[in-house]
Amino acid sequence: MRHGYEAKTKRITGAVALIVVLVLAVIGFFIFSKLEEEAYPEQRGQMSKDFGKLPTMEYQGKTYQMKPNLTSMLFIGYDKTDDAPTVGFRQGGQADFLVLSVLDHRNKTVHQLQIDRDTMTNVAVLGVMGNKVGTRVMQICLSHGFGADDETNSKYTVDAVSNLLQGAPIDLYLAMDIRGINILNDALGGVKVPIEDDFSAYDPTMVQGTTMKLQGQQAELYVRSRYHIGDGTNEQRMRRQQHFMDAAVQLIQERISAEASFADTLLDAIEEVSNTNVTRGRLINEINRAYKYDIRPADTLAGEYKAGDDGFMEFHASEESIISWIINVFYNPVE
Amino acid sequence: MKKVLSLILATLLVLTSVAAVAEALPSKTTTDITVVNEAVAENGEVTITVVEPTEKVLEALTAAVEAVLGGAKPETIFDEDVQAAIAEKLGDVELELNEIVAVSAPEYTEENGAVTAKFTFATAYTADQKLVAVVCTYTGDVPEEFVLDAAANEDGTVSVTFTVEAMAKIAAADAATLAILNTK
C-alpha cells in the first residue's frame, strides 16, 4: 500500500511539475513575443481594409486599375567626376542618363522610358548644410546633385522621376557614374552601334555612316559627349544613348543565354562605380527574369524644347504624354 | 523674284539660327544652379559671376559644413565681429545657412560705387524671411568678412547690396564667397 501511495505521489508531483513547466513556457513565450514586438514593431497598414485592392486612377472619364505583378526600376547614369569641386549637400553631380524600366511579369514585357535630362520638373532642394528647403522647378538631372552621399543623391533622383510621372511607383534603382560606361562596354566585349553623326572632332576612327564596335574611351564619347558632334543637342545624344542601350540589352540577353552567371559577372564589373537599393541576389533575379521578356525599345515623352530665362536648355514634357505613358504601362482599363 | 529670294533667304536664316540656338544652348549643371539675374552699380556696368570654388575656398567651406553638422550654429563659422553684426541686423534668433557660392567681379572698380545684385538660388526664399549676406574674401592667410544687407523678393530671388568696400575686396581677392543666412 505504502509503495503504491509513493508511486501515486510521484506521478502527481511529476504531472504538476510538467504543468508548471508548460505554464512557465507559455508565459515566457508571450513575454518574449512582446519584447520582440516592441523591439521590431510591425508596420500596420490598411491590409485588412484594402487587401487585394490595386490602386486605380481616373482619366478622361475612364477608370484604370494598376497592373499586378510589376517591378519598376530606374537606371541612373550620373556625371560627377572625382575632381569636380563639391560642397556639403550639393555634391552629387547631374543625372545625365535616366531610363525607367517597368517589368511586367504577367505579360512578360519590359517597357522603357528614356527621360531627357533637361526635363523641367519639381525637384526637392537641400540647403548646402542639408536642410530641406522646399522644391524648385528645374532640370530633372539636377535632382542628383542634392545629398551628401550616393544613396541620398539617388533617392532624390528617384523622387524627382516619380514626381514627374505623377507619383508612379519606382521600386528599385541602379545608379552608375560615367566611369561605368567604358567598363560596361568592355564587359560586353564592345557594343556595336551606328555612327550617325560626325565624330571627327574627337575620334577620326569613328566614321560617320558606318557601324562599329566601340572600344576603350569610345563608349563614353558616344553616349556622353555632344558638343561638336552632329547638331550638338541632347536630343541627338539621347538617340545615341538609345542605340547603345538597345545593342547592349541584346548583348546581355545573348550572354545570359550562353552563360547563366553572366548577370553576376556584369554586376561585379560595375560594382565599384555603381550603387543600388536592392540586394545583389534580387538584382540578378530581376535581370535573369527580364532578359527573356519582350523588351520594347525605349519611349520618350513628347514635349517642347526651349531656352530658359537663364540661357540653359529646358524640355517641357506634355502632361498628356506623361499620363498616356503611365496608363499604358502601369494600368489596365476597368471594363 | 527679289521678294521670293528674300523670303527664302530669311527662312534659311531663321532655320539656321534656330539650329544654332539649339546647338549653342548649354545644359545646366549643379554648378549653374545659382544664377546672378542682374548686378546694378551706381555708376557704369558691373558683372558679378558665380564661379567654381578654389581649393582654398573648398577647404574653408568643407570645414564650415563639418562644424555646422557637428552642432555649431551656422553664424559661428564667421568671426565674432561678424556674428555681432548679424545679430544686430536679424536679432537673437535661430538662423539657417542654406546657400554659399563662390563669386567673382574682376572688372569692378571703386568708381562703380555700391552694387545691388539679384540672385536666384536653389533655395526658394520667401518674402517674409529675414536675410543677411556675408562675403568672405581670401587673399593671403586670413579671410576678410563683410556683413551685407539682403532681402528675399516676391519672385523668390534675393537682392544683396554690396558696399564699395566689399566689392573692391571681391575684385582684388584671389577668391571670394557669398553666404546667405536666413531666419527660420
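In the predicted model, strands β5(B) and β8 (residues 175-183) of chain B pair in the antiparallel sense, with 8 bridges between them. Within this pairing, B:Val134 lies opposite B:Ala179 of β8(B). Strand β5(B) is also paired with β6 (residues 144-152) of chain B, again antiparallel and over 8 bridges. Here B:Leu131 has B:Ala150 of β6(B) as its bridge partner. The hairpin formed by β5(B) and β6(B) has 5 residues between the strands, and in it B:Gly140 adopts a positive phi near 80°.

Strand β5 (residues 130-138) of chain B is largely enclosed by the rest of the structure, because 7 of its 9 residues are buried. The largest nonpolar core comprises 120 residues, and the members that touch the most others are A:Val161, B:Leu131, B:Ala133, B:Val134, B:Val135, B:Leu148 and B:Val158. In soluble globular proteins, nonpolar side chains tend to be buried together. When residues up to four places away in sequence are not counted, the contacts of B:Leu148 are B:Ala133, B:Val135, B:Val160, B:Thr161, B:Phe162, B:Thr163 and B:Ala166.

Chain B as a whole contains 4 helices and 8 strands, which follow one another along the sequence as α-β-β-α-α-β-β-β-β-β-α-β. Of its 184 residues, 38% are buried. Contacts in chain B between residues at least 6 apart in sequence join, in 76% of cases, residues at least 24 apart.

The contact between the two chains involves 30 residues of chain B and 29 residues of chain A. On the chain B side, α1 (2-24), α2 (55-69) and β3 (95-104) each supply at least two of the residues that touch chain A. Helix α2(B) gives the most, with 6 residues. By type, the chain B side of the contact consists of 18 nonpolar, 6 polar and 6 charged residues.

In chain A, an open sheet of 3 strands has the order β1-β2-β16, with antiparallel pairing. Strands β1 (56-59) and β16 (331-333) of chain A are at the edges with a single partner strand each, so one side of each is left without a neighbour in the sheet. From one strand to the next, the twist averages 35°. The antiparallel pair of β1(A) and β2 (residues 62-66) of chain A has 4 bridges, and A:Thr56 stands opposite A:Gln65 of β2(A).

Definitions and conventions: Residues are numbered from 1 along each chain as its sequence is written. Chains are lettered from A and ligands numbered from 1 in the order in which they are written. This is a predicted model: local features need pLDDT of at least 70, side-chain atom pairs count only at pLDDT 80 or more; totals for chains, interfaces and linings use all residues. A residue is buried if 20 or more other C-beta atoms lie within 10 Å of its own, exposed if 12 or fewer, and partly exposed in between; C-beta atoms are placed from the backbone. Two residues are in contact if their C-beta atoms, placed from the backbone, lie within 7 Å. Ala, Val, Leu, Ile, Met, Phe, Trp, Tyr, Cys and Pro count as nonpolar, Asp, Glu, Lys and Arg as charged, and the others, Gly among them, as polar. Two strands pair if DSSP finds at least two bridges between them. Axes are lines fitted to C-alpha atoms, for helices over the stretch in contact, and angles run from 0 to 180 degrees between N-to-C directions. A nonpolar core is a set of buried Ala, Val, Leu, Ile, Met, Phe, Trp, Tyr and Cys residues joined through C-beta atoms within 7 Å.
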